[in-house]
Amino acid sequence: MSHPWFAGAGTPRVLAHRGLVTPSMAREGVAENSFAALAQAHSAGVLYVESDCHVTRDGVVVLFHDSDLKRVTGDPRPIASVEVSELSDLMASRGGLATLAQALDAFPTLRFNLDVKAPGAARSVGREVAAHGARVLLTSFSDRRRLAAMSTARSTAAVVQPATSAGTATIARLVAAVALGSSRAATRLFAGVDAIQIPERHGRFPVLTPRLVRAAHAAGVEVHVWTVNDPADMRRLVGRGVDGIVTDRADVALDTIG
């Protein structure tokens with residue numbers, strides 16, 4: 001049976017990459033992953049929001065992509081060295097800080113695709129999402145971090161375990177197994193994941209292939225492609241059988257493929 005994260009919504013799915021920051025919001029200084037970006041995605045009619053998790057010095061999980069504050073706030077310090085109250089002050093003029101707990105509470109109808117960015121955040125994220133497993137998909141470039149977060153959610157009396165998508169090492173092995181026609185290896189690698197979330201290409205190397213899409217679908221696994229902002233590319237990828245589009249312009253994607 002499909003995980004509840006996927007239920008009641010058809011494909012192609014639109015995943016709002018770090019929320020939604022429209023051009024006018026960007027001119028006003030609103031940042032990705034901010035509370036305002038989540039609110040804008042929700043207001044636009046988005047069901048799925050992709051975001052990133054780090055943990056502050058005082059142990060609070062926050063939605064933030066980078067490991068430091070330089071690009072977003074101009075402050076070079078790592079997030080792990082800043083307390084949540086100070087980070088909240090820094091983000092006040094940039095759309096407002098969103099902690100994971102706040103996001104889950106404030107937007108109960110949103111389904112979150114959460115990328116565990118820092119090793120120290122894995123178990124904290126698992127504990128935070130345990131009560132919300134039906135509307136959370138956990139992922140990470142690191143399979144170790146992903147599995148640590150999943151294990152913590154499972155051991156924290158989760159009623160429904162979160163869905164999950166494969167990490168980079170698993171994806172690399174999958175791409176190789178499918179290219180070599182090793183169905184047994186592919187079946188083993190697809191076991192335990194609900195989706196693979198991939199770029200269309202890695203440099204000149206095509207990651208998304210018809211064979212990979214067919215193998216994933218045969219295993220009951222969805223294929224989501226990131227990060228796609230051009231409407232023509234969205235339509236082209238959906239035509240290739242992609243189940244989800246991760247995009248900075250979820251408003252455009254909803255009008256194009258939603």
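Q: Is Phe-107 buried or exposed in this one?
A: Buried: in this predicted model, Phe-107 has 6% relative accessibility, and the cut-off for buried is under 20%.

Q: And what about Phe-35, how exposed is that residue?
A: Phe-35 is partly exposed, with a relative accessible area of 30%.

Q: How are the rings of Phe-35 and Phe-107 arranged?
A: Their centres are 5.2 Å apart and the planes sit at 40°, so the pair counts as tilted.

Q: Which parts of the chain does that pair tie together?
A: Phe-35 is in helix H2 (residues 35-44), while Phe-107 is in the loop between helix H5 (100-106) and strand E4 (111-116), so parts 72 residues apart in sequence are joined.

Q: How many aromatic pairs are there?
A: The count is 4 aromatic pairs. One of them is Trp-5 with Tyr-48, centres 4.4 Å apart and planes at 50°, so that one is tilted. Trp-5 comes in the segment before strand E1 (13-17) and Tyr-48 in strand E2 (residues 48-55), 43 residues apart.

Q: Which residues are in the cluster?
A: Trp-5, Phe-6 and Tyr-48, linked by ring pairs. Trp-5 is buried at 0% relative accessibility, and Tyr-48 is buried at 3%.

Q: Switching to H9, which residues are buried there?
A: Ala-185, Ala-186, Leu-189 and Phe-190, in a helix that covers residues 183-190. They span an arc of only 130° around the axis, which puts them on the same side of H9.

Q: What covers the buried residues of H9?
A: The cover includes helix H8 (168-179), strand E7 (195-199) and helix H10 (210-218).

Q: And which exposed residues are on the face turned away?
A: Ser-183, Arg-184, Thr-187 and Arg-188.

Conventions. Residues are numbered from 1 along each chain as its sequence is written. This is a predicted model: local features need pLDDT of at least 70, side-chain atom pairs count only at pLDDT 80 or more; totals for chains, interfaces and linings use all residues. Side-chain values use heavy atoms; hydrogens and water are left out. Buried means under 20% relative accessible area, exposed over 50%, partly exposed in between (1.4 Å probe, protein chains only). Helices (H or I, at least four residues) and strands (E, at least two) are DSSP runs, numbered from the N terminus. The arc is that of the directions from the helix axis to the C-beta atoms. Contact means heavy atoms within 4.5 Å. Rings of Phe, Tyr and Trp (its six-membered ring) pair if their centres lie within 6.5 Å; planes under 30 degrees apart count as stacked, over 60 as edge-to-face and the rest as tilted.
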